[in-house]
Amino acid sequence: MDWIPVKDYDEMIRQAARRMHDVISGELSRKGQAVIGLATGNTMLGVYSTLADMLNKSDLDLSGLLTFNLDEYVDNSGGNVPAEHPLSYRKYMTENFFAKVDPRRGFRLENMRFPDPANPAAYDTRIRDAGGLDFQLLGIGFNGHIAFNEPIQAGDISAEDYAALPSRVIHLTDLTIRTNADLTAGGDLTLVPHRAVTMGMKPILQAREIMLLACFKEQAVPLAKIKAGAITPEIPASFLLAHPRARIIYTTDTITLTEKKH
Ligand code: GLP
(Lines give C-alpha, C1' and ligand atoms only; values in the text may rest on other atoms or scores of the structure.)
Protein backbone atom coordinates (compact mmCIF):
# COMPACT_ATOMS: atom_id res chain seq x y z
CA MET A 1 0.00 0.00 0.00
CA ASP A 2 1.26 3.47 -0.86
CA TRP A 3 1.23 6.54 1.37
CA ILE A 4 0.88 9.78 -0.58
CA PRO A 5 1.38 12.95 1.44
CA VAL A 6 0.08 16.06 -0.35
CA LYS A 7 0.40 19.66 0.75
CA ASP A 8 -3.27 20.57 1.11
CA TYR A 9 -6.90 19.80 0.32
CA ASP A 10 -6.80 21.33 -3.18
CA GLU A 11 -3.89 19.13 -4.16
CA MET A 12 -5.63 16.06 -2.71
CA ILE A 13 -8.87 16.59 -4.62
CA ARG A 14 -7.00 17.39 -7.83
CA GLN A 15 -5.05 14.11 -7.63
CA ALA A 16 -8.11 12.07 -6.65
CA ALA A 17 -10.37 13.53 -9.33
CA ARG A 18 -7.67 13.12 -11.98
CA ARG A 19 -7.17 9.45 -11.09
CA MET A 20 -10.93 8.80 -11.07
CA HIS A 21 -11.33 10.51 -14.41
CA ASP A 22 -8.51 8.40 -15.85
CA VAL A 23 -9.93 5.13 -14.49
CA ILE A 24 -13.41 5.94 -15.82
CA SER A 25 -12.11 6.93 -19.23
CA GLY A 26 -9.66 3.98 -19.39
CA GLU A 27 -12.25 1.36 -18.43
CA LEU A 28 -14.89 2.82 -20.75
CA SER A 29 -12.55 2.59 -23.71
CA ARG A 30 -11.23 -0.84 -22.70
CA LYS A 31 -14.51 -2.62 -21.93
CA GLY A 32 -17.32 -0.12 -22.53
CA GLN A 33 -18.10 -0.08 -18.83
CA ALA A 34 -16.53 1.49 -15.72
CA VAL A 35 -17.57 0.21 -12.29
CA ILE A 36 -16.75 2.76 -9.62
CA GLY A 37 -17.39 2.63 -5.88
CA LEU A 38 -18.25 6.04 -4.43
CA ALA A 39 -18.06 7.48 -0.93
CA THR A 40 -19.84 10.35 0.78
CA GLY A 41 -18.60 12.72 3.51
CA ASN A 42 -17.16 16.22 3.72
CA THR A 43 -13.80 15.03 2.40
CA MET A 44 -15.34 14.13 -0.95
CA LEU A 45 -17.18 17.37 -1.68
CA GLY A 46 -14.29 18.95 -3.59
CA VAL A 47 -13.49 15.66 -5.32
CA TYR A 48 -16.94 15.46 -6.86
CA SER A 49 -17.10 19.04 -8.11
CA THR A 50 -13.60 18.73 -9.61
CA LEU A 51 -14.40 15.36 -11.17
CA ALA A 52 -17.69 16.70 -12.60
CA ASP A 53 -15.73 19.58 -14.21
CA MET A 54 -13.20 17.18 -15.69
CA LEU A 55 -15.92 14.89 -17.06
CA ASN A 56 -17.83 17.85 -18.47
CA LYS A 57 -14.74 19.04 -20.32
CA SER A 58 -14.19 15.56 -21.78
CA ASP A 59 -16.03 14.00 -24.66
CA LEU A 60 -16.71 10.80 -22.74
CA ASP A 61 -19.95 8.87 -23.17
CA LEU A 62 -20.84 7.98 -19.56
CA SER A 63 -23.73 5.65 -20.42
CA GLY A 64 -21.46 2.74 -19.43
CA LEU A 65 -20.56 4.21 -16.02
CA LEU A 66 -21.98 2.20 -13.10
CA THR A 67 -21.58 3.58 -9.58
CA PHE A 68 -21.96 1.70 -6.32
CA ASN A 69 -22.16 3.89 -3.23
CA LEU A 70 -20.69 2.61 -0.01
CA ASP A 71 -23.61 3.14 2.31
CA GLU A 72 -26.90 4.75 3.27
CA TYR A 73 -28.72 5.42 6.51
CA VAL A 74 -31.61 3.18 7.56
CA ASP A 75 -34.71 4.67 9.18
CA ASN A 76 -36.89 3.29 11.99
CA SER A 77 -39.06 1.32 9.59
CA GLY A 78 -35.97 -0.59 8.37
CA GLY A 79 -35.87 1.00 4.90
CA ASN A 80 -33.38 3.47 3.43
CA VAL A 81 -34.00 6.99 4.67
CA PRO A 82 -36.04 8.83 2.02
CA ALA A 83 -34.11 10.84 -0.58
CA GLU A 84 -35.50 14.04 1.05
CA HIS A 85 -33.91 13.20 4.42
CA PRO A 86 -31.31 15.92 5.07
CA LEU A 87 -28.59 13.33 5.67
CA SER A 88 -29.58 11.01 2.81
CA TYR A 89 -26.48 9.89 0.92
CA ARG A 90 -28.57 9.57 -2.22
CA LYS A 91 -29.41 13.26 -1.85
CA TYR A 92 -25.73 14.04 -1.19
CA MET A 93 -24.61 12.21 -4.34
CA THR A 94 -27.32 13.75 -6.50
CA GLU A 95 -26.62 17.30 -5.33
CA ASN A 96 -22.85 17.15 -5.07
CA PHE A 97 -22.02 15.06 -8.10
CA PHE A 98 -24.65 13.76 -10.47
CA ALA A 99 -26.50 17.07 -10.85
CA LYS A 100 -23.16 18.67 -11.75
CA VAL A 101 -22.42 16.23 -14.57
CA ASP A 102 -23.61 17.63 -17.89
CA PRO A 103 -26.57 15.54 -19.14
CA ARG A 104 -24.87 15.51 -22.55
CA ARG A 105 -22.28 13.12 -21.06
CA GLY A 106 -25.09 10.53 -20.99
CA PHE A 107 -24.80 9.23 -17.40
CA ARG A 108 -27.91 7.22 -16.54
CA LEU A 109 -29.25 7.92 -13.07
CA GLU A 110 -30.49 4.34 -12.82
CA ASN A 111 -26.82 3.34 -12.90
CA MET A 112 -26.29 5.07 -9.53
CA ARG A 113 -26.65 2.27 -7.00
CA PHE A 114 -27.04 2.06 -3.25
CA PRO A 115 -27.30 -0.97 -0.97
CA ASP A 116 -30.85 -2.00 -0.04
CA PRO A 117 -31.39 -2.79 3.66
CA ALA A 118 -34.15 -5.25 2.68
CA ASN A 119 -31.61 -7.38 0.80
CA PRO A 120 -28.04 -6.22 1.41
CA ALA A 121 -26.51 -9.45 0.09
CA ALA A 122 -27.97 -8.66 -3.34
CA TYR A 123 -25.57 -5.69 -3.50
CA ASP A 124 -22.57 -8.00 -3.46
CA THR A 125 -24.12 -10.10 -6.22
CA ARG A 126 -24.82 -6.98 -8.29
CA ILE A 127 -21.22 -5.82 -7.89
CA ARG A 128 -19.96 -9.28 -8.89
CA ASP A 129 -22.33 -9.42 -11.85
CA ALA A 130 -20.97 -6.06 -13.02
CA GLY A 131 -17.48 -7.63 -13.05
CA GLY A 132 -16.37 -6.23 -9.68
CA LEU A 133 -15.30 -2.71 -8.78
CA ASP A 134 -12.60 -1.20 -10.99
CA PHE A 135 -11.97 1.47 -8.39
CA GLN A 136 -13.17 2.27 -4.87
CA LEU A 137 -13.00 5.73 -3.32
CA LEU A 138 -12.88 5.74 0.50
CA GLY A 139 -12.93 8.20 3.35
CA ILE A 140 -12.02 7.18 6.88
CA GLY A 141 -14.02 7.57 10.06
CA PHE A 142 -12.37 9.01 13.15
CA ASN A 143 -12.45 5.46 14.56
CA GLY A 144 -10.87 4.04 11.39
CA HIS A 145 -14.09 2.78 9.85
CA ILE A 146 -14.46 2.47 6.09
CA ALA A 147 -17.98 2.84 4.70
CA PHE A 148 -19.94 1.88 7.82
CA ASN A 149 -17.82 -1.14 8.67
CA GLU A 150 -17.35 -0.20 12.29
CA PRO A 151 -14.42 -1.51 14.37
CA ILE A 152 -14.83 -4.79 16.24
CA GLN A 153 -12.63 -5.86 19.16
CA ALA A 154 -9.89 -8.15 17.89
CA GLY A 155 -10.87 -10.79 20.45
CA ASP A 156 -14.40 -10.93 19.04
CA ILE A 157 -13.59 -11.66 15.38
CA SER A 158 -10.58 -12.90 13.44
CA ALA A 159 -8.98 -10.67 10.80
CA GLU A 160 -9.93 -13.26 8.20
CA ASP A 161 -13.61 -13.23 9.18
CA TYR A 162 -13.64 -9.43 9.36
CA ALA A 163 -12.21 -9.15 5.83
CA ALA A 164 -14.96 -11.48 4.60
CA LEU A 165 -17.86 -9.40 5.98
CA PRO A 166 -20.55 -8.96 3.33
CA SER A 167 -22.79 -5.95 2.75
CA ARG A 168 -25.23 -5.76 5.66
CA VAL A 169 -27.27 -3.59 8.01
CA ILE A 170 -25.28 -2.34 11.02
CA HIS A 171 -25.76 -0.32 14.20
CA LEU A 172 -23.62 2.81 14.22
CA THR A 173 -21.23 3.36 17.11
CA ASP A 174 -21.87 6.30 19.46
CA LEU A 175 -18.69 7.97 18.16
CA THR A 176 -19.90 7.80 14.56
CA ILE A 177 -23.35 9.12 15.50
CA ARG A 178 -21.82 12.03 17.41
CA THR A 179 -19.23 12.76 14.71
CA ASN A 180 -21.78 12.68 11.91
CA ALA A 181 -24.13 14.89 13.94
CA ASP A 182 -21.32 17.44 14.33
CA LEU A 183 -19.99 17.23 10.78
CA THR A 184 -23.18 16.81 8.79
CA ALA A 185 -26.19 17.70 10.95
CA GLY A 186 -25.20 20.96 12.61
CA GLY A 187 -24.78 19.10 15.90
CA ASP A 188 -28.39 17.80 15.87
CA LEU A 189 -28.09 14.25 17.25
CA THR A 190 -31.78 13.55 16.61
CA LEU A 191 -31.21 13.81 12.84
CA VAL A 192 -28.68 10.98 12.71
CA PRO A 193 -30.22 7.52 12.26
CA HIS A 194 -28.77 4.77 14.44
CA ARG A 195 -28.57 2.18 11.71
CA ALA A 196 -27.17 2.08 8.20
CA VAL A 197 -26.68 -0.37 5.37
CA THR A 198 -23.06 -0.68 4.32
CA MET A 199 -21.05 -2.27 1.59
CA GLY A 200 -19.12 -5.07 3.27
CA MET A 201 -15.38 -5.39 3.75
CA LYS A 202 -15.28 -8.20 1.20
CA PRO A 203 -16.56 -6.30 -1.86
CA ILE A 204 -14.52 -3.23 -0.87
CA LEU A 205 -11.29 -5.23 -0.57
CA GLN A 206 -12.02 -7.00 -3.86
CA ALA A 207 -11.95 -3.67 -5.71
CA ARG A 208 -9.06 -3.69 -8.18
CA GLU A 209 -7.87 -0.30 -6.98
CA ILE A 210 -8.59 1.58 -3.75
CA MET A 211 -7.93 5.23 -2.91
CA LEU A 212 -8.52 6.48 0.62
CA LEU A 213 -8.48 10.23 1.31
CA ALA A 214 -7.91 11.88 4.68
CA CYS A 215 -7.78 15.58 5.50
CA PHE A 216 -9.11 16.05 9.06
CA LYS A 217 -6.71 16.22 11.99
CA GLU A 218 -8.79 13.63 13.91
CA GLN A 219 -7.98 11.16 11.13
CA ALA A 220 -4.29 11.28 12.09
CA VAL A 221 -5.14 8.91 14.96
CA PRO A 222 -6.39 5.97 12.85
CA LEU A 223 -3.79 6.70 10.14
CA ALA A 224 -0.96 6.52 12.69
CA LYS A 225 -2.30 3.16 13.86
CA ILE A 226 -2.33 1.91 10.26
CA LYS A 227 1.25 3.15 9.83
CA ALA A 228 2.22 0.99 12.78
CA GLY A 229 1.52 -1.86 10.39
CA ALA A 230 -0.96 -4.24 12.03
CA ILE A 231 -4.05 -5.40 10.17
CA THR A 232 -6.80 -5.45 12.76
CA PRO A 233 -10.63 -5.36 12.93
CA GLU A 234 -10.11 -2.60 15.51
CA ILE A 235 -9.01 -0.31 12.64
CA PRO A 236 -11.02 -1.36 9.58
CA ALA A 237 -8.97 0.79 7.16
CA SER A 238 -5.84 -1.17 8.19
CA PHE A 239 -7.03 -3.93 5.83
CA LEU A 240 -5.83 -1.77 2.95
CA LEU A 241 -2.28 -2.69 4.01
CA ALA A 242 -2.73 -6.11 2.41
CA HIS A 243 -4.33 -4.80 -0.79
CA PRO A 244 -2.14 -4.98 -3.92
CA ARG A 245 -3.26 -1.59 -5.29
CA ALA A 246 -4.31 0.68 -2.48
CA ARG A 247 -3.12 4.16 -1.61
CA ILE A 248 -3.82 6.60 1.16
CA ILE A 249 -3.61 10.26 0.22
CA TYR A 250 -3.43 12.63 3.19
CA THR A 251 -2.92 16.35 3.59
CA THR A 252 0.24 17.36 5.44
CA ASP A 253 -1.13 20.77 6.42
CA THR A 254 -3.66 19.04 8.68
CA ILE A 255 -2.23 15.57 9.34
CA THR A 256 1.24 14.83 10.65
CA LEU A 257 2.53 11.28 10.31
CA THR A 258 6.02 9.97 10.72
CA GLU A 259 7.31 8.71 7.41
CA LYS A 260 7.64 4.96 7.28
CA LYS A 261 7.10 3.07 4.04
CA HIS A 262 5.06 -0.11 3.75
C1 GLP B 1 -19.17 8.50 7.19
C2 GLP B 1 -19.12 7.52 6.02
C3 GLP B 1 -17.70 7.10 5.73
C4 GLP B 1 -16.83 8.33 5.63
C5 GLP B 1 -16.84 9.04 6.95
C6 GLP B 1 -15.91 10.23 7.01
O7 GLP B 1 -19.12 7.87 8.43
N8 GLP B 1 -19.92 6.34 6.21
O9 GLP B 1 -17.69 6.36 4.54
O10 GLP B 1 -15.54 7.94 5.31
O11 GLP B 1 -18.16 9.48 7.18
O12 GLP B 1 -16.51 11.34 6.42
P13 GLP B 1 -15.82 12.75 6.30
O14 GLP B 1 -15.30 12.82 4.91
O15 GLP B 1 -16.92 13.72 6.53
O16 GLP B 1 -14.75 12.79 7.32
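Student: What does Leu-212 touch, leaving out residues up to four places away in sequence?

Tutor: This is a predicted model, so keep that in mind. Leu-212 touches Leu-138, Ile-140, Ala-237, Leu-240 and Ile-248, with residues up to four places away in sequence left out.

Student: And which residues have the most contacts inside the largest nonpolar core?

Tutor: Ala-16 and Leu-212 do. That core has 67 residues. Helix 1, residues 9–31, gives the largest share of the core, with 6 residues.

Student: OK, on to helix 8. Which of its residues are buried?

Tutor: Pro-222, Leu-223 and Ile-226, in a helix that runs over residues 220–227. Seen down the axis of helix 8, those buried residues fall within an arc of 100 degrees, so they line one face of the helix.

Student: What covers the buried residues of helix 8?

Tutor: The cover includes strand 9 (210–214) and strand 10 (246–251).

Student: What happens just after helix 8?

Tutor: Gly-229 takes a positive phi there, about 105 degrees.

Student: Switching to the ligand. How many residues surround it?

Tutor: 16 residues surround the ligand. The closest are Gly-41, Asn-42, Thr-43, Gly-139 and Gly-141.

Student: Which helix gives the largest share of that shell?

Tutor: Helix 6, residues 174–184, with 3 residues.

Student: How does the shell divide into nonpolar, polar and charged?

Tutor: The shell around the ligand has 7 nonpolar residues, 8 polar and 1 charged.

Definitions and conventions
Residues are numbered from 1 along each chain as its sequence is written. This is a predicted model: local features need pLDDT of at least 70, side-chain atom pairs count only at pLDDT 80 or more; totals for chains, interfaces and linings use all residues. A nonpolar core is a set of buried Ala, Val, Leu, Ile, Met, Phe, Trp, Tyr and Cys residues joined through C-beta atoms within 7 Å. A residue is buried if 20 or more other C-beta atoms lie within 10 Å of its own, exposed if 12 or fewer, and partly exposed in between; C-beta atoms are placed from the backbone. Helices (H or I, at least four residues) and strands (E, at least two) are DSSP runs, numbered from the N terminus. Two residues are in contact if their C-beta atoms, placed from the backbone, lie within 7 Å. The arc is that of the directions from the helix axis to the C-beta atoms. A residue is near a molecule or strand if its C-beta atom, placed from the backbone, lies within 6 Å of it. Ala, Val, Leu, Ile, Met, Phe, Trp, Tyr, Cys and Pro count as nonpolar, Asp, Glu, Lys and Arg as charged, and the others, Gly among them, as polar.
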